Amino acid sequence: MRRQLRSRRAPAFPYGYRYRLDDQDEVNQNYLADEEEEAEEAQVLVVPDLEEEEEKEEEERSQGQPIGNAWWQKLQIMIEYLWDPERRISLAQTGQSWSLILFIYFFFYASLAAVITLCMYMLFLTISPYMPTFTERVKTPGVMIRPFAHSLNFNFNVSEPDTWQHYVISLNGFLQGYNDSLQEEMNVDCPPGQYFIQDGNEDEDKKACQFKRSFLKNCSGLEDPTFGYATGQPCILLKMNRIVGFRPELGDPVKVSCKVQRGDEDDIRSINYYPESASFDLRYYPYYGKLTHVNYTSPLVAMHFTDVVKNQAVPVQCQLKGKGIINDVISDHFVGRVIFTLNIET
Amino acid sequence: MSRKTLEIYSVELDGTKDTKQTDQEDDKKYNDLDLKKSHQKEELKRELDLDDHKLTSEELEQKYGTNIITGLSSARAAEHLARDGPNTLSPPKQTPEIIKFLKQMVGGFSILLWIGAVLCWIAYGIQYVNDKSASLDSVYLGVVLALVVILTGIFAYYQEAKSTNIMASFSKMIPQEALVIRDSEKKVIPAEQLVVGDIVEIKGGDQIPADIRLLSSQGCKVDNSSLTGESEPQPRSAEFTHENPLETKNIGFYSTTCLEGTATGVVINTGDRTVIGRIASLASGVGSEKTPIATEIEHFVHIVAGVAVSVGLLFFIIAVSLKYQVLDSIIFLIGIIVANVPEGLLATVTVTLSLTAKRMAKKNCLVKNLEAVETLGSTSIICSDKTGTLTQNRMAVAHLWFDNQIFMADTSENQLNQAFDQSSGTWASLSKIIALCNRAEFRPGQENIPIMKKVVVGDASETALLKFSEVILGDVMEIRKRNRKVAEIPFNSTNKFQLSIHETEDPEDKHFLVVMKGAPERILERCSTIMINGQEQPLGKSNATAFHTAYMELGGLGERVLGFCHLYLPEDEFPESYPFDVDAMNFPTSNLCFVGLLSMIDPPRSTVPDAVAKCRSAGIKVIMVTGDHPITAKAVAKSVGVISASSETVEDIARRCSIAVEQVNKRDARAAVVTGMELKDMAPEQLDEILANYSEIVFARTSPQQKLIIVEGCQRQDAVVAVTGDGVNDSPALKKADIGIAMGIAGSDAAKNAADMVLLDDNFASIVTGVEEGRLIFDNLKKTIAYTLTKNIAELCPFLIYIIVGLPLPIGTITLLFIDLGTDIIPSIALAYEKAESDIMNRKPRHKKKDRLVNHQLAIYSYLHIGLMQALGAFLVYFTVYAQQGFWPTSLINLRVRWEKDELNDVEDSYGQEWTRYQRKYLEWTGYTAFFVGIMVQQIADLIIRKTRRNSIFQQGLFRNKVIWVGIASQIIIALILSYGLGSVTALSFTMLRPQYWFVAIPHAILIWVYDEVRKLFIRRYPGSWWDKNMYY
């Protein structure tokens, strides 16, 4: 250690000498001399020249005014970044780099597309085209009425055909598929009162039972082409939502019954149902799905409101009734029931 | 005095420039400010007229209406207190809490979410006008969005407040008291109740409680370092010695310390009107810089907000041109904004920062401002104090010279390893002189405390000698008792030596021993012999040369050198009863026997050289700024490695090559020692040049004000500057620095107030730990942000596809919030616990403007690679759910309008089944849940891949960070609770998902992991390649 120290030679001989030889107080004195100047300086600093300061600020502010210039420059830098003609660089990438990027992204996204295609393919391998994998969400059928034009409020004036003509057109259109001739040609007349079960492979085409327009009698539009709207006795058709595999309880077909939902029960004095049983015959069940049960015709129940209070809105609730039918789900007003208002003006 | 320097100061010290810019629109405020400014100016002027030091005691009594003997009356004091306010520095003006709170409410993404919420309400308003029975969904959504903003705002505010509170409690730890004479009685009162005119008594160890004019003094010395930065003790007496109030000896300044002696004085200024108070209040005007992490987060917020707004507007236009209703388009816009904004991220960042702050507090770095946590990590220059930070802030014996040899003493913190040769007879004599010729004493009652930690009464050198001999010789007090002192001449500036006469410890030996120490050359003058190997020899020429060589060598090391000599008085001339008279000096003080030299230094802390080396390898320039002499400064700089062993200054080269300093090529020198004098005459450009060209710089004999100039110089180099400081005068520099580091032990309150961080142990090595933590948190924040941004695409795509392709909405806005603020929160915090990937302290500090927290690589990789893969995976789950329920993907296209029509209750699916609106809605919610689960599952993979940016996960260790697994577990548990626990709560639109759907996205999750591993592999394999440049974030 000693040798090392010696070999290092006194590096700052005169300097160190002075400090060391002076005694402490003198060093202090020396130092104070410097400090003095600094301290004076510090004092002045403590009182910055405020006026000058303000002037400067004003200068700065006035300099700051041609802001447009700065913006312009920024924009130019931006444009240069987008496309630098000198170096032939765009977005800080050269052409070669860009082609590499395009190539890699093309490759990457093509692979991703392949992956998602493969996944979809595998998904479809697990799904039967004839039978949904799960049906628990539509276990109990919903109910819908016709005519339906965006609204469940039937407002019309008997004496003004314009107000009800669209219901008639809508119904006529809807019932085209129920024309007797068509039904007889396409579908079979199967025995009523029992399920129309067709065993056999899933992929075999299934036959459908006839539901003829004429079953609807007065509401078929055949006798009364205005479906009663012209007389203030509107026909409304009720249709149960199709559910693959749905079978009503055996021997007890689903019935329809309508009444005033809220208010005076007597607002509706009489309703005629067609078919008169006011029910969906068992022979229309089960439904085998769109793919094989091509000509399936949803059974209908027509409600003929022959005597309803006029000139006031009557809320009507039509419910399905039968074993296993749920018609009182609070959150869903269309499961097993349908609510609509009739407001017939004269 | 240089005019230039002055200007620099005036610009920087006057904070009104900043204030003005922000308040320009507020004219009233502006005027107030002007008023205040001139008021301030007035007051400062008055300070300069301070003439109390020139007044006599009587004049003072008259001026302050006091009595030097009896003090103020209590009533009078109370009057003054009411007039002047308490004697405390008013804390820097704080932003009112409510403003801080509101700032949290509108900062960052909050403004976007507020816009979203307001749009929701507007949309409802329009709906309501059209249809009185409009659903309240959008009102709820608006409320939820507002709640999200408010809750995250409250959270961030709470976090901020918590970290501020730590600081508040810290600064209030030591209440100060003062001994005051009032009503002719001595009373101890809290220092803040002092008023002008009070007569106070101070003694060694006290902090001076206000600016006082000394009336009497007994050997009073003060440490003015908190004012001037110079820690040499300065004598204080009642005499008026200098025109300048700052220089005269009869004024003691508030917050300086009385080192020894006692004094009585009259209080002339209190609180903010003290000199220190003025400087402190000016310092609070220096605008503090925005922290780098704040800039980074702002940058990131801009990017994300930019994406959100532009995508939102683009699709708003697309939606309108696709003939969507404007109302619907607004709702799409809200969805897009919500999907794009990582609602939970800023809260996460706050938590992450405060976790790190806690970790750093454990390592003695107390962080005042959360954002400063990261600033240390990006620091590229540290301007460090010498005393106390790099050194131990005490004197210690470093070298000894006797028997013509230099010996080295152990200067480490405990000094236990004194390895020099102690067998020589000379050492026996020398050690005796060291022990006896010393007035310092241990304070009684410290028997069980290690020697180095004992409190000593006495000055720094004597303390060092006392402890040194205590370590080597054992009980010094006992030795002194055995060698009874009969006479003593204390050190004074005319003699420049200290002498004492002792009886010898041998009762038979009736000699008296004269021991003497002092300035070496003065001691040598008084000697005629020298002791070599225990034998007295005449002091020949060769001995004198050897002495000078040794003296020079030790002086050159920047050490304080003392000479020691002794003399045994002849028994016949000085019998036992001889009356020694120190005034008459009736005993010989020349022709003594020279025994040896001893040099002392404030030794570097033992951990510092290592820490400095670490800084250097971490690319951080360590600049030493000290008030000490260049020679000492350089010596310490060399010993701690601030100037490395191999580098030379221009002067060194000049001496080595024996050429003039001017001839040296400045490029050859790596180190530079710049004194305050040189700095004063320097233009800013010259300073810039020095800062840029030398890698190792020491600023010596600088005043604390010059620190500010140095800091600015560094900042002009685009460096992130950390500054350490303890004095009040350091506070402008601390404030100006990117991160001001105050010393917890030695630091003044003003410094702590101005600083962003407080080093609880005053140790430089703690800064290095801070740097490491700061860098780690930057890396980890990158990971957190990458993790969080990724799912944005998976959240955004549903809306885009919904608008363009017309699928039933894959995921609802509320559900998105459950990802952002539910499942993703804990995992993203968990990334903060990730260990460094490697080499964190071996790389350069990040460039403030080039190495962004969120760079385009990160954004592109997160958005266009992983994010897109995630979106596909989530869509797969969604399609699976729909297909298995009856709606095949093809049937979903353009189904949106019919799907959402409330009156339409017989929508046909792919099997010909008919669905009511509610049945469809339930399926839609199931779809939301499925999509949510899909994202969640893939976010697990995302979390795992974000553990590293370059290394393979298997290199990093899959299970090393346990918190990640806690995060994953939390993700899964939250999702399970949402689906199965809250699945029946319709407002949340979650449903009970079939168990198998939870596994649909797993192959995609694995794919993400594999893809990222491949990316990292290529990065490691081909460093510097196109891939590395574009795929490494």
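1. The model is predicted, and the points below should be read with that in mind. In chain B, helix α13 (residues 345-362) and helix α28 (residues 764-804) have axes that come within 11 Å and cross at roughly 160°. At that angle α13(B) is therefore roughly antiparallel to α28(B). The crossing of α13(B) past α28(B) is right-handed.

2. The residues behind this contact can be listed for both helices. From α13(B) they are B:L345, B:T348, B:V349, B:T352, B:L353, B:T356, B:R359 and B:M360. From α28(B) they are B:G770, B:E773, B:L776, B:I777, B:L781, B:T784, B:I785 and B:T788. Sorted by class, the contact of α13(B) with α28(B) comprises 8 nonpolar, 6 polar and 2 charged residues.

3. Helix α28(B) also packs against helix α12 (residues 326-340) of chain B, at an angle of about 165° and with the axes 8 Å apart. This angle makes α12(B) roughly antiparallel to α28(B). The crossing of α12(B) and α28(B) is left-handed, whereas that of α13(B) and α28(B) is right-handed.

4. The contact joins B:T815, B:F818, B:I819 and B:T823 of α29(B) to B:Y928, B:F932, B:I935 and B:M936 of α34(B). By class, the contact of α29(B) with α34(B) has 6 nonpolar residues, 2 polar residues and no charged ones.

5. Chain A contains an open sheet of 5 strands with mixed pairing, in the order β4-β11-β10-β6-β8. Its edge strands are β4 (153-157) and β8 (279-280) of chain A, each of which pairs on one side only.

6. Within this sheet, how do the neighbours of β6(A) run relative to it, parallel or antiparallel? Strand β6 (residues 254-260) of chain A is joined to strand β10 (residues 313-321) of chain A by 6 bridges, and the two run antiparallel. In that pairing, A:K259 stands opposite A:Q317 in β10(A). β6(A) also pairs with β8(A) in the antiparallel sense, over 2 bridges. There A:K255 stands opposite A:S279 in β8(A).

7. One pair to examine is A:C190 and A:C209, which form a disulfide with their sulfur atoms 1.5 Å apart. Both A:C190 and A:C209 lie in the loop between α8 (180-186) and β5 (235-240) of chain A, so the pair ties together parts that are 19 residues apart in sequence.

Conventions
Residues are numbered from 1 along each chain as its sequence is written. Chains are lettered from A and ligands numbered from 1 in the order in which they are written. This is a predicted model: local features need pLDDT of at least 70, side-chain atom pairs count only at pLDDT 80 or more; totals for chains, interfaces and linings use all residues. Side-chain values use heavy atoms; hydrogens and water are left out. Axes are lines fitted to C-alpha atoms, for helices over the stretch in contact, and angles run from 0 to 180 degrees between N-to-C directions. Helices (H or I, at least four residues) and strands (E, at least two) are DSSP runs, numbered from the N terminus. Angles under 35 degrees count as roughly parallel, over 145 as roughly antiparallel, 65 to 115 as roughly perpendicular and the rest as oblique. A crossing is left-handed if the near helix is turned anticlockwise from the far one by less than a right angle, and right-handed if clockwise. Contact means heavy atoms within 4.5 Å. Ala, Val, Leu, Ile, Met, Phe, Trp, Tyr, Cys and Pro count as nonpolar, Asp, Glu, Lys and Arg as charged, and the others, Gly among them, as polar. Two strands pair if DSSP finds at least two bridges between them. A disulfide is a pair of cysteine sulfur atoms within 2.5 Å.
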